Amino acid sequence: MRTNRTTTMVAILTTAFTLACVGVFLLLYVNLRTAAGWLQDDVKIMVYLDDRLAPDSVVEVEQRLRGDRAVASLLFFSKEQALGEFKAQFPSESHLLEGLGQNPLPASFVVALSPSFRSPDAIKRWAERVRQDSGVSKVDYNQDWIDALATVIRSIELVAIGIGVILSAAAVTIIANTIRLTLFARRDEIAILRLIGATTSFIRVPYLLEGAVLGALGSALSLAMLKFMYELFRQQMRTMGRFAGLDNLIAFFPPSVCLALVAVGMGLGVAGSFVSMRRFGEAKA
Amino acid sequence: MIQLIHVSKQYDQRLALSDVTFEIGKGEFVLLMGPSGAGKSTLLRMLIGAERPDEGQIFVHQKNVTTIRPSEVPYLRRKVGTVFQDFRLLPKKSVFDNVALPLLVQGVSSADIRRKVTEALRAVGVEHKRDQLPAGLSTGEQQRVCIARAIVNGPVVLLADEPTGNLDPALTSEIIELFKLINARGTTVVVATHDPLVMMQVNRRVLTLSQGRLLPEQRVMG
Ligand SMILES: Nc1ncnc2c1ncn2[C@@H]1O[C@H](COP(=O)(O)OP(=O)(O)OP(=O)(O)O)[C@@H](O)[C@H]1O
Ligand SMILES: [Mg+2]
């Protein structure tokens, strides 16, 4: 009984460490995505207007943009405003424009897209579409930057999935081994149950439950370890002046995700005990 | 109730049963005789689907045990009570819990379990030991607990493998009387034994196995 308890503890701890490794990546991924989301929210798209456009047509373009589902907000930026902005930003260069006699800068609309159209792909599609519109000379946004961010997120996603799959398999194996020890210790009892007419599911349910409990406890413990590390990390950031303030930007998993992760751990545990029962061959008479 | 048709079974080159054919009707009391190693236990194990024959067909309670689906085996075993040669009691469970086991796995209510287990324990005469562990019981008492467990379900067939193997003559006849009583209530009883004393006492139909073969039947007259 005592050795059994030790085995159980060891199984829960190893499972917890294994899942915590997955958790670190998941946490990194979630936070990066959130950060990327903020950055993407700030993306402004410049829709430059044809310089020869009559005022009526400008209104037409504006109407069209306002009617677009993807557009969240719209700001008109006249030729004069563009010039003023240029002069404000590059005072020493302003004589360059004056030499031209007339204002070469085009009028534009500064567009912010609604949340569901802010993914890199959606931005690209939207820009491509609006570029074809009449009266529009050019559509501009920081494409390289957004694409780079999308690539980074996608690679972290892949790494997280890869590590998740491998370490989940490890967790399943750990739990399977623990259950197998229990099955072995109870093999006589299992044989007797079979002989007196117990169904396979009657015999299996307790071990499936045991696996579920091991998995859930391991997962919960891994979350506790992660939370501890997370708080430690934030503390560290706060004390280092350079990153002060940044510690409020990183977040832990919301409760719903924590619950889902415990459920996943439970599922892994059930899978583990299923694997060991298959291998143990108690399904035989 | 029980029918074997040309049943054979081999364990790595050794014949345990060879071309065995017989039939046992409902309500019969049959002795399965034969020396050690004759194949008695093998035959009984086959009747509850714990062993498959290499050849032949076996029918128990209208079910073809040779082709039965694994998922149906538990339901067959609930109809056939078995007293195992090696008892197979759970050492860490009380007598009551051991006898309750076949009911427990069927999901019988605890009130019904209490009633039926008490009845079975009374029938075999070990009611007073209900809270003890099997290890604290004499061999004869353990044997009775096994019988109680085999009949607690009200099976249609009772199989007993060497149920008097470790008992003195007085206890042997007590157990035999018990089987006769169970048989008198309509349960088909098959007892495997090599003990001639049992044969004298039972005085019923005898099937004799010798090196896996069934010898021509005889009827012993007492
Ligand atoms: N699981 C097994 N593996 C290999 N051989 C077996 C197995 N079970 C039984 N045998 C062999 O089959 C033959 C019949 O065995 P069985 O146990 O049926 O005999 P028995 O009549 O019940 O003997 P006993 O009176 O000693 O209980 C024996 O030779 C035995 O060694
Ligand atoms: Mg035997």
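Predicted model: local features only at pLDDT ≥ 70, side-chain atom pairs only at ≥ 80, totals over all residues.
**Entry 1: chain A as a whole**

I then went through the secondary structure of chain A, where I found nine helices and four strands, which run along the sequence in the pattern α-β-α-β-α-α-β-α-β-α-α-α-α.

**Entry 2: a helix pair in chain A**

I next followed helix α6 (residues 143-185) of chain A to where its axis comes within 7 Å of that of helix α9 (residues 255-280) of chain A, the two crossing at roughly 50°. I recorded their crossing as right-handed.

On the α6(A) side of this contact I listed several residues, among them Ala171(A), Val172(A), Ile175(A) and Ile179(A), and on the α9(A) side I found others, including Leu268(A), Gly272(A), Val275(A) and Phe280(A). Sorted by kind, the residues of the contact come out as eleven nonpolar, five polar and two charged.

**Entry 3: where the chains touch**

I turned to the contact between the chains, to which chain A brings ten residues and chain B brings 13. Which helix gives the most to the side of chain A that touches chain B? I found that helix α7 (residues 187-195) of chain A does, with four residues. The residues on this side of chain A divide into seven nonpolar, two polar and one charged.

**Entry 4: chain B as a whole**

For chain B I noted seven helices and eleven strands. Its radius of gyration is 17 Å, close to the 17 Å that the globule rule gives for 222 residues, so chain B is as compact as a globular protein of that length. The C-alpha atoms of chain B fill a box of roughly 45 × 40 × 35 Å along the principal axes, and buried residues make up 44% of the chain. I also noted that residues 24 or more positions apart account for 68% of the contacts in chain B with a separation of 6 or more.

**Entry 5: helices in chain B**

How many of the eight residues of helix α1 (residues 40-47) of chain B are buried? I counted eight of eight, including Lys40(B) and Arg45(B) as well as Leu43(B) and Met46(B). After α1(B) comes Gly49(B), for which I noted a positive phi, near 70°.

Last, I looked at helix α3 (residues 95-104) of chain B, which packs against helix α4 (residues 110-124) of chain B at an angle of about 125°, with the axes 9 Å apart. That angle makes α3(B) oblique to α4(B), and I recorded the crossing of these two helices as right-handed. Phe96(B), Val99(B), Ala100(B), Leu103(B) and Leu104(B) of α3(B) meet Ile113(B), Lys116(B), Val117(B), Ala120(B) and Leu121(B) of α4(B). I sorted the residues of this contact into nine nonpolar, no polar and one charged.

Terms used. Residues numbered from 1 in each chain as written. Chains lettered and ligands numbered in written order. Rg over C-alpha atoms; globule rule 2.2 N^0.38 Å. Buried ≥ 20, exposed ≤ 12 C-beta atoms within 10 Å, placed from the backbone. Contact = placed C-beta atoms within 7 Å. Nonpolar A, V, L, I, M, F, W, Y, C, P; charged D, E, K, R; others polar. Axes fitted to C-alpha atoms, helices over the stretch in contact; angles between N-to-C directions. Parallel < 35°, antiparallel > 145°, perpendicular 65-115°, else oblique. Left-handed = near helix turned anticlockwise from the far one by under 90°.
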